[in-house]
Amino acid sequence: MEATTRRLSLKANEVSSWTPDSLFQEKDGVRRSAWPMLPCLLAVLFLALLGMHIWPSGRSLLWGDPLRAWDPHVKVAGLAVTHNIKPEAKAPQKRVHIFVCTDEYDLRPLAVLINSTISNAMHPDRLHFHMVMPADRLFTRKYLKYLFPKAHIEMASKFIDIHEVNKHITFRNDSGARKELISPYNFLPFYLPEVYKDIDRFIYLDSDIVVKGNIENLYNTDLEGNAAAAVEDCSQRFAIYFDFAQLDEIQAREGLDRPAWLPPEPFDPKACVFNRGVLVVDSKRWIEENITSAIIWWMDEFQKSERNLYKAGLSQPPFLLALYGKHKVLDGMWNVRGLGRPNLSELEREYFFNTFSMNYTRKPFVSPFADTAHILHFNGAYKPWKGKRKREITDGIVSLCGRKERGLECAELWWEYLSPTANDFLKPFAKKTTSE
């Protein structure tokens with residue numbers, strides 16, 4: 001009994017004298033294994049490891065993924081191609097900086113944005129995500145890194161005076177803007193070039209986005225000397241946002257009352273709208289053009305105006321006025337927007353009919369080119385993560401992606417990048433949002 005106890009406890013000074021012979025013991029002159037089941041256990045372990053490597057990977061099962069739901073097969077294919085290119089390993093890696101500004105507690109939109117971006121990138125290791133969030137959301141990085149252990153994710157730490165930002169934000173009930181857009185984090189993208197001057201170029205993405213294309217192609221866009229690049233949407237025009245009588249009065253100002261960023265020619269009511277949810281920014285040019293100051297100036301003009309200088313938005317209208325004639329137009333597939341809206345406007349219906357001979361009813365919202373989009377943008381009041389994963393038969397369709405006769409419900413494209421397990425893991429954070 002005493003000998004057995006000594007053998008099980010294995011004192012520290014005996015560990016250093018361990019030899020392979022200690023795996024065996026002699027009984028009746030025959031050398032036998034002290035652990036007779038060891039070969040069987042090793043065989044099972046070997047088969048398990050072999051199975052992990054030969055099992056076909058897919059959208060919901062992949063190695064190195066604690067929730068088994070994060071890396072579609074396309075990411076593995078992309079990495080395989082990259083690793084086969086020997087010069088790439090020697091060349092210095094070009095970082096792709098991606099900023100997201102949000103004050104939501106719900107982490108599911110960020111998880112889908114990051115997952116879809118790295119899943120469809122040719123070189124995921126080049127992507128650097130900068131999360132601009134309130135100081136009490138530092139836990140965000142911990143959970144996102146748990147989900148994406150190989151991704152470069154950081155909480156942006158440079159100071160932006162939120163109180164200063166708030167001073168210029170004005171909400172009016174009769175402006176047609178949604179009240180949730182009053183968050184200062186909706187305006188922080190305009191301050192990023194001034195604060196992060198050390199980053200020459202970056203991509204800004206709204207958090208309600210799914211990236212379906214290779215984000216490096218967007219990053220490498222030739223800005224042709226412009227401060228920023230954005231997607232124009234000619235199914236919406238400047239006329240829906242602005243009171244042009246007031247704009248004409250402002251442009252008629254002279255001397256010190258007329259800032260240098262006002263264009264010499266009047267604003268065109270028929271100019272196409274360009275959405276601020278997807279931007280490629282040249283920080284140096286942005287600063288040289290005083291874009292941040294121009295946006296703040298237009299916000300102050302709205303604040304002072306007796307009548308609404310602009311409507312149907314809070315951050316979008318001053319952005320349009322400040323970047324008017326100073327932006328590069330991106331391919332429309334880089335921001336297929338409106339997917340969180342339930343209906344088309346009359347102007348949009350006319351545009352689709354006159355331009356593409358597509359005749360749509362007002363409901364549901366239809367985005368006919370979404371099935372080939374590089375970026376899906378769920379701007380609007382109806383967010384996929386705030387609804388059901390699977391729509392009931394009695395539930396109405398909010399929006400359709402693709403031609404109406406073969407389109408999918410847009411929310412399904414968002415849920416593809418969030419497994420049920422991952423949704424259950426992240427959903428508790430959403431309760432903080434609804435309780436405030």
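1. Burial of helix α6. In this predicted model, Arg108, Pro109, Leu110, Ala111, Val112, Leu113, Ile114, Asn115, Ser116, Thr117, Ile118 and Ser119 are buried residues of α6. The helix is largely enclosed by the rest of the structure, because 12 of its 12 residues are buried.

2. Dimensions of helix α6. The helix covers residues 108–119. From the first C-alpha to the last, α6 reaches 16 Å, which is close to the 16 Å expected at 1.5 Å a residue.

3. Disulfides as a set. The structure holds 2 disulfides. Counting the bonded cysteines along the chain, the pattern is 1-2, 3-4.

4. The link of Cys234 and Cys272. The sulfur atoms of this disulfide lie 1.9 Å apart. The link is right-handed, with 95° about the S-S bond. Cys234 belongs to strand β8 (residues 228–237) and Cys272 to strand β9 (residues 272–274), so the pair ties together parts that are 38 residues apart in sequence. Cys234 counts as partly exposed, at 23% relative accessibility, whereas Cys272 is buried, with a relative accessible area of 13%.

5. The link of Cys401 and Cys410. A disulfide also joins Cys401 to Cys410, with an S to S distance of 2.2 Å. This link is right-handed, with 115° about the S-S bond. Cys401 counts as buried because its relative accessibility is 3%; Cys410 is buried as well, with a relative accessible area of 0%.

Notes. Residues are numbered from 1 along each chain as its sequence is written. This is a predicted model: local features need pLDDT of at least 70, side-chain atom pairs count only at pLDDT 80 or more; totals for chains, interfaces and linings use all residues. Side-chain values use heavy atoms; hydrogens and water are left out. Helices (H or I, at least four residues) and strands (E, at least two) are DSSP runs, numbered from the N terminus. The expected span of a helix is 1.5 Å times one less than its number of residues. Buried means under 20% relative accessible area, exposed over 50%, partly exposed in between (1.4 Å probe, protein chains only). A disulfide is a pair of cysteine sulfur atoms within 2.5 Å.
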